[in-house]
Amino acid sequence: METVLAIFADIEDPRDHTAQYELSALLFIALAATLCGARSCVDIADFVAANRADLAEFVDLPADATPSHDTFSRMFRLLDPTQLEDALRRFGAALREGLGLGPAEGVVAVDGKRLRRGYERGRAHMPPLMVGIWDAETRLSLAARAGADGNEVAATLAALNTVSLKGCVVTGDALHCHPEMARAVRARGGHYVFKLKANHGPLLAAAKAAFATAETEATLTWTTTEDDANARIERRHGCVFPVPRTAPAFPGLALFGRIDSVRTKRGGKTETKTHYLVMSQRLPAWRMLSIARQHWSVENHLHRQLDVVFREDDARTRKDNAPGNLSVIRRIALDILSAHPLQRSVARKMNLARWNKPFFFELFSYVR
């Protein structure tokens, strides 16, 4: 807990000098409440009121008062989001050290997530955006960044600039198949595998033409994988092809990839899709298939957990910086719960943290 408090203590307090409670204390209480299932500032205030004696062992609290929901709401609204995002990065480094992990070296997925009910009045069409940088190998967050005015590419570039990518393969959907993104990844020592769609029309046309020619000449070598889960069977056929000289310029581009997926659902209904990818290093088809599959960890183990367990999509916090700042607190809480080795779901660990005080304290033992 001392490490977490120290990380929060480095954040600049934007409040007036007359503030009654220390910023690090409020942030720690918010994190502790979120670990135990709190979903709003009202929940956090109720949590501290119900557990004042235990929390007072770690943070300074007046003997006759606890912070109200307005105190937490004001603090999250005023707090500079980059300060808390930097705290997430420092926390991630401390957690990895406690778990005996080095810097990320495998697949790093980038993806944006809308906070669907966190919009300002009259702006339902533009809910706040959070971009996550996700270590698919360890299932831990590396960084997060709020997307100003919904600009996911700019937010992703800013977040990537805070992360070491040496030895990593950065994956992203077609939105991130962007020259600036490719340059940023390569400049930080990483490689990329991006999905390629019609938003980069000339490059997609070149990829389709290359594979069509290779199919005609029967020079493609295919690799096949199969998954049988969730009442469906999905076969993926992958192949790669060197980028021809006639292809449009794209930073670091070395290889085109193609994945044909055939999904058979219960009842026999079959769906077929073809995806194209751009890659900055020459990879065998089996490795490309593995990387493309690992990318979905950001959806299954980050975004889904935030929505299903933490109910992030239902959160109505909407003013100023509060939506993004609370999302960062949830990501820290998710990392803490996921890091504990107990073989239970995140939701069940959250229940244990709420019901079992020793388990709650044990959650922090992996942060060094």
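**Exercise 1. State which residues lie nearest the centre of the largest pocket, and describe its lining.**

Solution. Arg236, Arg263, Ala292, Arg293 and Trp296 lie nearest the centre of the largest pocket, and its lining has 35 residues. The model is predicted: local features need pLDDT of at least 70, side-chain atom pairs count only at pLDDT 80 or more, and totals for chains, interfaces and linings use all residues. Residues are numbered from 1 along each chain as its sequence is written, and side-chain values use heavy atoms, with hydrogens and water left out.

Step 1: the term. On a 1 Å grid over the protein atoms alone, a pocket is an open set of points where a 1.4 Å probe fits, with protein on both sides within 12 Å along at least five of seven lines; lining residues have an atom within 4 Å of a point.

Step 2: the volume. The largest pocket has a volume of about 960 Å³, counted as the space filled by probe spheres set on grid points that are joined across faces, edges and corners.

Step 3: the elements. Those supplying at least two lining residues each include β7 (232–242), β8 (255–265) and α10 (285–295). Helices (H or I, at least four residues) and strands (E, at least two) are DSSP runs, numbered from the N terminus. With six residues, α10 gives the most to this lining.

Step 4: the classes. The lining has 10 nonpolar, 10 polar and 15 charged residues. Here Ala, Val, Leu, Ile, Met, Phe, Trp, Tyr, Cys and Pro count as nonpolar, Asp, Glu, Lys and Arg as charged, and the others, Gly among them, as polar.

**Exercise 2. Find the salt-bridge partner of Arg236, and decide whether Arg236 is buried or exposed.**

Solution. Step 1: the term. A salt bridge is a side-chain nitrogen of Lys or Arg within 4 Å of a carboxyl oxygen of Asp or Glu. Side chains of opposite charge can pair when their charged atoms come close.

Step 2: the partner. Arg236 meets Glu234 in a salt bridge, at 3.3 Å from N to O.

Step 3: the exposure. Buried means under 20% relative accessible area, exposed over 50%, and partly exposed in between (1.4 Å probe, protein chains only). Arg236 has a relative accessible area of 9% and is therefore buried; Glu234, at 8%, is buried too.

**Exercise 3. Examine the salt bridge between Glu180 and Arg183.**

Solution. Step 1: the closest N and O atoms of Glu180 and Arg183 are 2.8 Å apart.

Step 2: Glu180 and Arg183 are separated by about one helical turn, because they are three residues apart in helix α8 (residues 179–187).

Step 3: Glu180 has a relative accessible area of 38% and is partly exposed. Arg183, at 44%, also counts as partly exposed.

**Exercise 4. Check the span of helix α12 (residues 322–339).**

Solution. Step 1: the expected span of a helix is 1.5 Å times one less than its number of residues.

Step 2: the 18 residues of α12 should span 26 Å, and its end C-alpha atoms are 26 Å apart, so the two values agree.

Step 3: α12 is mostly covered, as 17 of its 18 residues are buried.

**Exercise 5. Describe the surroundings of Cys177.**

Solution. Step 1: Cys177 is in the loop between β4 and α8, and at 4% relative accessibility Cys177 counts as buried.

Step 2: leaving out residues up to four places away in sequence, Cys177 touches Phe194, Lys195, Leu196, His200, Phe250 and Val278. Contact means heavy atoms within 4.5 Å.
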